[in-house]
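Please keep the sequence and the structure in view while reading the numbered points.

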Amino acid sequence: MTTELATPSEHQNNHQQKSGLSDPTWQADQDPQQQQSQQQTIVAQSVLTDPNIKFPLENSWSFWFYKNDKSKSWKDNVKFITTVDFVEDFWGVYNHLQLVSKMSPGCDYMFFKKDIPPMWEDPQNLDGGRWVLNLDKKYRGTSLDVYWLNTLLALIGDQFMDESAYVNGVWVNIRAKMDKIALWTKSAKDVDVQMKIGQKYREVLGLKEGMITYEEHDDGSKKNEAPLLKC
Ligand code: MGP
């Protein structure tokens, strides 16, 4: 989802031509610093109100969907929806998707960095794990949608700061009794990095201590291993 954008200097020139700001006689009696700051304000205002300007995201992100169809393999049930590169496109897609609280049990949404498919097998997930928030189905009427949206906003808003590079994406599972939001990260064995991500995530969602646990991805070979970390 991309659009033709004027570069900032083209935009400024266009605006200057329209407003007469490029005219050297314009408010000649004004102090040059004042003139410059006034020009900057006008340009900033015109950028903010120009319907053709879109705000790029720090990373491109992809929406995916999973529906448990028992006649198909797990992988065939994972469907790519679209990739978004701009804030406006993120909202365009989000607003057209069903709220997670309204999805049928057995369905999931995934939201991952553009080049990372939401699968353990991908090299960028292989050594990773996930911060898991389990939510009883009663939260569908209250916090589930808010937690999901706030997670998406934390991802596109680069809230994980220095650890952002370790955050690959997020899943939400809707199941008969217990739903789950799982933030997927790289380098599960790096406790320091995972704790920083976990603490930030808990803060973003406003959760009480101990509500999220971290576990390595389990392809069946690590059965019975206790969660690595709690936050
Ligand atoms: P899960 O959703 O990670 O298990 O995987 P969980 O958290 O216990 O949730 P629930 O759905 O069981 O409530 C459930 C099953 O989906 C796994 O046992 C796998 O069969 C399959 N599966 C899940 N993931 C994330 C993958 C994956 O990345 N790759 C493959 N091949 N299978 C997966």
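1. Which residues does A182 touch, not counting residues up to four places away in sequence? They are R130, W131, V132, V170 and W171. Two residues are in contact here if their C-beta atoms, placed from the backbone, lie within 7 Å.

2. The model is predicted: local features need pLDDT of at least 70, side-chain atom pairs count only at pLDDT 80 or more, and totals for chains, interfaces and linings use all residues. Residues are numbered from 1 along each chain as its sequence is written.

3. The protein chain has a mean pLDDT of 86, and 83% of its residues reach 70 or more; pLDDT is the predictor's confidence in each residue, from 0 to 100. Over residues 2–26, however, pLDDT stays under 50, and the model has 18 contacts beyond four places in sequence for them. Where pLDDT is low, the predicted coordinates should not be read in detail.

4. The strands form an open sheet of 8 with the order 2-1-3-5-6-4-7-8 and antiparallel pairing. Its edge strands are strand 2 (78–86) and strand 8, each of which pairs on one side only. Helices (H or I, at least four residues) and strands (E, at least two) are DSSP runs numbered from the N terminus, and two strands pair if DSSP finds at least two bridges between them.

5. Individual pairings can be followed through the sheet. Strand 5 and strand 6 run antiparallel and are joined by 6 bridges, with G169 opposite W184 in strand 6. Strand 4 is joined to strand 7 (residues 213–216) by 4 bridges, again antiparallel, and R130 has E215 in strand 7 as its bridge partner. Between strand 7 and strand 8 (residues 229–230) there are 2 bridges, also antiparallel; T213 stands opposite K230 in strand 8.

6. The largest nonpolar core has 31 residues, of which F111, W131, V170, V172, I181, A182 and L183 touch the most other members. Strand 3 (107–113), strand 4 (129–136), helix 5 (144–156), strand 5, strand 6 (178–185) and helix 6 (191–205) each give two or more residues to this core. Its largest share, 5 residues, comes from helix 5. A nonpolar core is a set of buried Ala, Val, Leu, Ile, Met, Phe, Trp, Tyr and Cys residues joined through C-beta atoms within 7 Å.

7. V167 lies in strand 5 (residues 167–173). V167 counts as buried because 25 other C-beta atoms lie within 10 Å; the cut-offs are 20 or more for buried, 12 or fewer for exposed, and partly exposed in between, with C-beta atoms placed from the backbone. Leaving out residues up to four places away in sequence, V167 touches L155, F160, L183, T185 and I197. The C-alpha atoms of V167 and L183 are separated by 7.5 Å, although these residues are 16 apart along the chain.

8. D158, in the loop between helix 5 and strand 5, has a positive phi of about 55 degrees although it is not a glycine. D158 is exposed, because it has 12 other C-beta atoms within 10 Å. S187, in the loop between strand 6 and helix 6, has a positive phi near 55 degrees and is likewise a residue other than glycine. With 15 C-beta neighbours inside 10 Å, S187 counts as partly exposed.
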